[in-house]
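Visitor: Please pick one part of this structure and take a close look at it with me. I would then like to hear how the rest of the chain is arranged.

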Amino acid sequence: IARGVNFIPTLTATAHDDVLAGIDINPTFSNGNFLRVANYGIRVQGVGIGTGGGNINTNTTVGNVALRDNTTGIQNSSFGQMSSMFNTTGSRNTAVGTQALKNNDIGSDNTAIGYSTMQGDGSRSNNTAIGSLSQGAASGTFTNTSNTSVGYNSLNANTTGYGNVAVGNQTLQNNTTGDRNTALGDVALNSNTTGTYNTAIG
């Protein structure tokens, strides 16, 4: 076995609720007036691990420039390259996957799992997207709330639509402003753009 560093400490608790850490890294960052500075507690083979921008200890990041621009957002979890990259004040977001929630700025309480899920700019909140490109259109300003989408490209173009449920491949893919639609099944309600209160199964 070839090791760059062989570090085998022995740690002993001295009180209730003690914390034992083989390595405890807690840097202080001073970015000055420079923009787009990435802060990591540790970086391994180009993958940053830490709390992201703002150095707020309730945030967790793993990935190159994940949560890079955060200022005051709290309780965010970002895993994947460029996940939540441009978040500034959004809080309680979970982003898992490359570019998941990439351009979300101030939106909160979103869960995005999959490549480029909810990657567009805006203030969307209370949404759940699971699957590659789910709610994932890149261009436009997105203020949609309370949508749930599961499946590739589901609810992809949604910008302001509220309360939609899309489950299946490309379900409600072209919906933009339609509200309270329910689509279950492959390409269900795929062509709907502005219609509301529709239900399609199969």
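A close look at one residue

Guide: Let's start with Thr61, which is in contact (heavy atoms within 4.5 Å) with Gly48, Ile49, Gly50, Thr51, Gly52, Ala66, Leu67 and Ser78, once its neighbours within four places in sequence are set aside. Before going on, please note that this is a predicted model, in which local features need pLDDT of at least 70 and side-chain atom pairs count only at pLDDT 80 or more, while totals for chains, interfaces and linings use all residues. Residues are numbered from 1 along each chain as its sequence is written, and side-chain values use heavy atoms, with hydrogens and water left out.

Thr61 sits in strand β3, residues 60–62; helices (H or I, at least four residues) and strands (E, at least two) are DSSP runs, numbered from the N terminus. With a relative accessibility of 1%, Thr61 counts as buried, a word used here for under 20% relative accessible area, with exposed meaning over 50% and partly exposed in between (1.4 Å probe, protein chains only). To place Thr61 against another part of the chain, take Ile8: the two are 53 residues apart in sequence, and their C-alpha atoms are 26 Å apart in space.

Now for the sheet. Eleven strands make up an open sheet with mixed pairing, in the order β1-β2-β3-β4-β5-β6-β8-β10-β11-β12-β13; two strands pair if DSSP finds at least two bridges between them. Strands of a sheet pair through backbone hydrogen bonds, in either the parallel or the antiparallel sense.

Seen as a whole, the chain has 13 strands and zero helices. Its C-alpha atoms fill a box of roughly 60 × 40 × 35 Å along the principal axes. Of its 202 residues, 41% count as buried. Among contacts between residues at least 6 apart in sequence, 2% join residues at least 24 apart. The accessible surface is about 10300 Å², with 52% belonging to carbon and sulfur atoms; such areas come from the Shrake-Rupley method with a 1.4 Å probe, and for residues only the protein chains shown count as cover.

The loops deserve a visit too. Asn104 lies in the loop between β5 (94–96) and β6 (111–113) and is buried at 2% relative accessibility. Its side chain reaches the backbone oxygen of Gly107 at 3.0 Å, a polar contact, that is, a pair of N or O atoms within 3.5 Å; within protein, one must be able to donate a hydrogen and the other to accept it, and residues adjacent in sequence count only if both atoms are side-chain atoms. Beyond four places in sequence, the contacts of Asn104 include Phe86, Asn93 and Arg124.

The loop between β5 and β6 also holds Asp109, while Arg92 is in the loop between β4 (77–79) and β5. The side chains of Arg92 and Asp109 meet in a salt bridge at 2.8 Å, N to O, so the pair ties together parts that are 17 residues apart in sequence. A salt bridge is a side-chain nitrogen of Lys or Arg within 4 Å of a carboxyl oxygen of Asp or Glu, and by this rule there are two. Arg92 is partly exposed at 41%, and Asp109 is partly exposed at 30%. Arg68 and Asp69 form a salt bridge as well, with their closest N and O atoms 2.8 Å apart; here Arg68 is buried at 11%, whereas Asp69 is partly exposed at 22%.

Finally, a look at the backbone. Most residues other than glycine have a negative phi. Ser146, in the loop between β9 (141–142) and β10 (148–150), has a positive phi near 55°. Gln170, found between β11 (165–167) and β12, has a positive phi of about 60° and is partly exposed at 23%. Gln170 is also one of the residues touched by Asn190, which is buried at 17% in the loop between β12 (182–184) and β13 (199–201).
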